[in-house]
Amino acid sequence: MSFFTESDPNGVMYYKGVYHLFYQYNPRGAVWGNIVWAHAVSTDLVDWVMLPPAIYPTAPFDVNGCWSGSATVLPDGTPVIMYTGIDAQNRQVQNVAYPKDLSDPYLREWVKPDYNPVIAPGPGMNASAFRDPTTAWQGPDGLWRLVIGTKDNHRGLAMLYRSRDFKQWAPANRALHSGDTGMWECPDFYPVTSPGVSGGTKHVLKVSLDLTRFEYYTFGEYDHATDTYVPDAALADGNDGLRYDYGNFYASKTFLDTAKQRRILWGWANESDSTGDDIRKGWAGVQAVPRKVWLSSDGKQLVQWPVAEIESLRGGLVNITDRLVGAGQHFEVAGLASAAQADVEASFQVADLDKAESFDPAWRGADAQTVCAARGADARGGVGPFGLWVLASDEREERTAVFFRVFKGGDGGKHVVLMCNDPSMSSHADNLYKPTFAGFVDVDIAQTGGKIALRTLIDHSVVESFGAHGKTCILSRVYPTKAVGEKARLFVFNNGESDVKLTHLNAYEMRSAKITSDTTEPTSR
């Protein structure tokens, strides 16, 4: 048995027909520490070959750990990794590494130049909070730019650095952006376009918040000449900002897939059981399914969807159409060999939106998670809760609810649509963290005729859900004791007063991805 923990995705890239995923990894135990860069490669984002660690402590500039970073492909086609090393003084410094052999399609070995570190914390900077460089980009002036996360007291900062040769870097006079949210980790900065948005390209700035362990993003205008970034005025910029995922999803990283001209998002999901449980099972931490990410047609938010390649894992299918689910009713989606590993696409239509509960004025300043905690899956409503019980046992004493609830009396007279993952009944095991996660869904459900869609990927302890075709995404970790393997069941439920029609459901059994190991050790390090 192997014992390890994995966390932040690092250095993700597509290079000469191969996808590379590096990630934070402790080869010595299922707890955080002894951090190196693990390395896996794939040609399809589904089946992976695990390689020996690519970057690990070898020199004074990273002797105490090799933390997060990113990959950049230089104009001559050479990939370069920039990562945070913890040096002999426990300072966080930025180092570069290059492939030893570009003819190796897997880029197994990486070499660190002696001139590292290339960026060190300057005078007055917090040397213990200066990390996670982004992928670099080149401006019209030929200079390279990248962003590093740091903080000044309680203010998170995205610090901008410039270089002509990728060796000598100088800080800009001001941060690219900042916020009163504590330390900014794992920043990401990249362009997005939408055919429905005037003005062409927007730039996204995403940060991971060390204090709260969730992420938020803004997008807006970036001026290459002045290196200024101004988020769109309509967007919240802080703790209440938009999120990729309203659940257990952190330290995310995107890259441009040049083969298919799409941006792909990776994110890490931590465990929600105890450290003792992790040590007993011998591993901790998983990567979420890679997602395509783009700007919505109305320009209001980013949208995400599992990469299409995931559908190659689909097997047996159960299809249901036009089935009415009355008030307080539920039924099993029977016919799956196991619902512990499944891909479920469902479309619902509310019969009577007039039965929606009024949105409590006290909730107007609250986040969705607060609302869902107050009105969970078992709280009967007017319109909803309706959705899926996943990883459910035979008698449903264990179940995880993924559902919508609709309120009336929102801004401008619109309905408020809430999406929740409620794992409060997910397991009989002790010492579990079972938070209810939730997000509001930006959809005018009256204009859609009461229709809303849900897709949920189920993988034993991971439940990833995508509401309204990827407008709201929520990942939860759950640990059933009875709803395991062939004993896991899938149900559709409606705990609202209004009838709901399940207009369409496709539930696919999912085979496991092929994970193989290439443990050939490099001849020299």
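This is a predicted model: local features need pLDDT of at least 70, side-chain atom pairs count only at pLDDT 80 or more; totals for chains, interfaces and linings use all residues.
## Aromatic pairs

A pair of aromatic rings is described by two things: the distance of the centres and the angle of the planes. In this model the count comes to 28 aromatic pairs. One of them joins Phe22 and Trp110. Their ring centres lie 5.9 Å apart, with 85° between the planes, and the pair is edge-to-face. Phe22 sits in strand E2 (residues 18–26) and Trp110 in strand E8 (residues 110–111). The pair therefore ties together parts that are 88 residues apart in sequence. Phe22 has 0% relative accessibility and counts as buried. Trp110 is buried too, with a relative accessible area of 10%.

Phe359 and Trp363 form another edge-to-face pair. Here the distance is 5.6 Å centre to centre, and the planes are 65° apart. Both residues are buried. Ring pairs also build a cluster, which links Phe22, Trp37, Tyr83 and Trp110.

## Trp363 in its loop

Trp363 belongs to the loop between strand E28 (357–358) and helix H2 (368–374). Its relative accessible area is 14%, so Trp363 is buried under the 20% cut-off. Leaving out residues up to four places away in sequence, Trp363 touches Val371, Ala374, Arg375 and Phe407.

Ala507 gives a distance reference for Trp363. The two residues are 144 residues apart along the chain, and their C-alpha atoms are separated by 35 Å.

## Two antiparallel strand pairs

Strands E23 (residues 291–295) and E24 run antiparallel and are joined by 5 bridges. Within this pair, Leu295 stands opposite Leu302 in E24. The two strands form a hairpin with 6 residues between them. Gly299 lies in the turn and has a positive phi of about 70°. Strand E24 (residues 302–306) is mostly covered, with 4 of its 5 residues buried.

Strand E31 (residues 416–422) pairs with E32 through 5 bridges, and these strands run antiparallel. Asn421 stands opposite Phe437 in E32. Strand E32 (residues 437–441) has 4 of its 5 residues buried, so it is largely enclosed by the rest of the structure.

## The cavity

Rolling a probe the size of a water molecule over the atoms shows where empty space is left. How many cavities of 30 Å³ or more does the structure hold? The count is 1. The largest cavity has a volume of about 50 Å³.

Its lining consists of Ala377, Asp378, Trp389, Arg399, Thr400, Ala401, Asp422, Ser424 and Met425. By class, that lining has 4 nonpolar, 2 polar and 3 charged residues. Asp422 is one of the lining residues, and residue 422 also falls within strand E31 (residues 416–422).

## Thr503 in strand E37

Thr503 lies in strand E37 (residues 500–510). Is Thr503 buried or exposed? Thr503 counts as buried, because its relative accessibility is 19% and the cut-off for buried is under 20%.

Which residues does Thr503 touch, not counting residues up to four places away in sequence? The contacts are Ile320, Thr321, Asp322, Ser347, Phe348 and Gln349.

Definitions and conventions
Residues are numbered from 1 along each chain as its sequence is written. Side-chain values use heavy atoms; hydrogens and water are left out. Buried means under 20% relative accessible area, exposed over 50%, partly exposed in between (1.4 Å probe, protein chains only). Contact means heavy atoms within 4.5 Å. Two strands pair if DSSP finds at least two bridges between them. On a 1 Å grid over the protein atoms alone, a cavity is a set of points where a 1.4 Å probe fits but cannot get out, and a pocket is an open set with protein on both sides within 12 Å along at least five of seven lines; lining residues have an atom within 4 Å of a point. Grid points are joined across faces, edges and corners, and a volume is the space filled by probe spheres set on the points. Ala, Val, Leu, Ile, Met, Phe, Trp, Tyr, Cys and Pro count as nonpolar, Asp, Glu, Lys and Arg as charged, and the others, Gly among them, as polar. Rings of Phe, Tyr and Trp (its six-membered ring) pair if their centres lie within 6.5 Å; planes under 30 degrees apart count as stacked, over 60 as edge-to-face and the rest as tilted.
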